[in-house]
Amino acid sequence: MVFKVSRVETSPIDGQKPGTSGLRKKVKVFKQPHYLHNFVQATFNALSADKVRGATLVVSGDGRYYSKDAIQIIIKMAAANGVRGVWIGQNGLLSTPAVSAVIRERVDANGSKASGGFILTASHNPGGPNEDFGIKYNMENGGPAPEGITDKIYENTKTITEYFIAEDLPDVDISSIGVTSFGGPEGQFDVDVFDSASDYVKLMKSIFDFQSIQKLVTSPKFTLCYDALHGVGGAYANRIFVEELGAQESSLINCTPKEDFGGGHPDPNLTYAKELVARMGLDKSKPQSDPPEFGAAADGDADRNMILGKRFFVTPSDSVAIIAANAVEAIPYFSSGLKGVARSMPTSAALDVVAKHLNLKFFEVPTGWKFFGNLMDAGMCSVCGEESFGTGSDHIREKDGIWAVLAWLSILAFKNKDNLDGKDLVTVEDIVRQHWATFGRHYYTRYDYENVDAGAAKELMANLVKLQSSLPDVNKIIEGIRSDVSEVVQADEFEYKDPVDGSISKHQGIRYLFKDGSRLVFRLSGTGSEGATIRLYIEQYEKDSSKIGRESSEALAPLVEVALKLSKMQEFTGRSAPTVIT
Ligand code: G6P
Ligand code: ZN
């Protein structure tokens with residue numbers, strides 16, 4: 001059968017501007033006639049012709065509700081736009097890091113490589129008929145499309161008049177592995193359904209020493225718990241942790257991917273990863289007699305991670321610093337040294353201290369993984385991380401939740417290589433406390449105010465910017481709130497000049513920097529789909545080793561009070577408490 005190409009007339013639909021990580025909207029919005037079609041065609045039209053005609057594209061995602069329909073639509077549109085082949089992870093499942101790996105590494109039976117891919121995910125946002133769906137395009141380097149392309153996509157969505165689709169192409173069975181070929185007006189069109197995990201597992205095995213991790217994982221002294229929150233991470237967890245590393249099956253919880261993530265919020269933090277948090281002994285209302293030594297969770301598309309020890313939370317900012325400090329010794333991929341390290345602006349300065357000690361190149365970039373990608377493509381950065389539970393390296397161009405878990409297991413395996421029979425285990429908590437003792441501790445917390453009125457959020461931010469024009473006034477206000485915090489010595493809106501392409505990103509968050517190294521940062525989230533989310537990041541550096549063991553909430557209480565009163569949080573938002581504290 002030769003499929004026909006239909007040209008369908010359409011008109012622009014408002015609001016298709018991709019955010020930090022693609023277009024995220026309620027499923028209802030995506031289901032409107034032409035909505036997805038317009039965006040996909042706008043993307044094809046934004047790419048250079050050779051990245052579409054005759055090219056191979058990956059299409060898959062975290063398996064959330066509407067993914068299967070979207071995949072069939074994109075297959076038909078790809079065929080109609082002259083794409084040569086579409087690669088689909090079995091059942092439409094590929095984690096975001098796996099898509100990046102597949103674009104960079106996979107070669108099919110014809111020797112073809114992919115030139116990019118659509119990732120169908122709204123990451124850590126809930127899924128289901130009344131929740132979120134999302135789509136983003138990643139380029140040939142495996143990383144998210146740069147702003148030049150996403151701007152073009154948006155412009156195209158505002159002027160679109162037509163799209164192309166092979167309406168008579170039958171739906172492809174994406175549940176079984178294999179290639180289905182069709183004849184089109186421009187020749188053969190293949191849909192290749194492949195195993196979601198094997199390329200990714202192969203890559204992980206080339207980075208980490210699986211043997212030494214296996215020794216740790218199978219030691220009777222060691223127990224672990226991995227919670228995929230019913231996201232796509234579950235499709236990798238069994239393969240990697242159980243089959244390859246020998247963990248017990250009972251170590252995995254919520255590892256069956258579900259379209260609605262079991263009704264939960266697939267965000268790996270202390271609020272949403274409830275079951276794991278309880279198992280690890282971190283929920284005071286559910287005391288545990290002997291929690292596992294190591295716990296980790298992933299978000300819907302498995303690019304985020306949360307790392308826990310027995311009754312112990314590792315902040316993401318500490319996590320990346322600790323990985324960087326130990327990478328060369330503990331992870332074979334880094335054995336010849338790190339090219340540099342980077343963090344996003346709101347992430348704590350724990351990584352800065354490691355970079356200084358180890359004499360590493362260091363970069364502070366705006367929020368958004370794409371900024372790391374540029375540095376990595378230029379060979380300037382090996383390890384990077386964000387406070388928003390993202391950690392990764394230059395093995396791909398996305399953050400990578402399972403990579404982070406394997407990095408921690410590698411560090412634990414390395415520190416315990418002589419301890420597995422006999423001596424006491426060096427625990428996650430020991431590693432973190434040892435790190436603080438060496439480098440100092442960055443007390444850190446983030447307050448999120450979700451779904452705030454967008455106008456009110458803007459006003460709050462504008463007021464904070466206005467205040468910055470007079471530091472003496474700011475300090476007077478602060479003195480009136482708490483006399484026990486240090487003074488603000490610099491206040492600005494973070495601006496970044498990309499050292500690789502020279503591009504400038506402005507208005508990347510409002511900073512108040514204190515004399516003693518403390519910081520308050522205010523930002524509006526770029527990933528929400530409803531109203532505005534205000535994020536407040538609070539940080540205090542403590543070098544004195546006698547003071548590094550305090551409760552974080554207690555150590556930060558004065559700064560929190562200053563932040564809330566200075567910003568007039570309650571006055572502007574009507575909220576007396578944040579939605580989430582991490
Ligand atoms: C996504 C990006 C991250 C970024 C995060 C910020 O997860 O991939 O790089 O840190 O969004 O989200 P926010 O809601 O704070 O804009
Ligand atoms: Zn994610």
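Two strands count as paired if DSSP finds at least two bridges between them; helices (H or I, at least four residues) and strands (E, at least two) are DSSP runs, numbered from the N terminus. You are looking at a predicted model, where local features need pLDDT of at least 70, side-chain atom pairs count only at pLDDT 80 or more, and totals for chains, interfaces and linings use all residues. Residues are numbered from 1 along each chain as its sequence is written, while chains are lettered from A and ligands numbered from 1 in the order in which they are written.

Find the open sheet of six strands, ordered 20-23-24-25-19-26 with antiparallel pairing. Strand 20 (488–493) and strand 26 (580–581) are at the edges with a single partner strand each, so one side of each has no neighbour in the sheet. Now select residues 510–514, which form strand 23; five bridges join this strand to strand 20 in the antiparallel sense. Zoom in on Gln 490 and you will find Leu 513 of strand 23 opposite.

**Stop two: the ligand.** Which residues are closest to ligand 1? Select Trp 369, Ser 388, Ser 525, Gly 526 and Thr 527, the closest of the 14 that surround ligand 1 (C-beta atom, placed from the backbone, within 6 Å). By class, this shell has 11 polar, two charged and one nonpolar residue.

**Stop three: two helices.** Show helix 4 (residues 96–105) with helix 6 (residues 198–207): their axes are 9 Å apart, at an angle of about 85 degrees.

How values were computed:
Ala, Val, Leu, Ile, Met, Phe, Trp, Tyr, Cys and Pro count as nonpolar, Asp, Glu, Lys and Arg as charged, and the others, Gly among them, as polar. Axes are lines fitted to C-alpha atoms, for helices over the stretch in contact, and angles run from 0 to 180 degrees between N-to-C directions.
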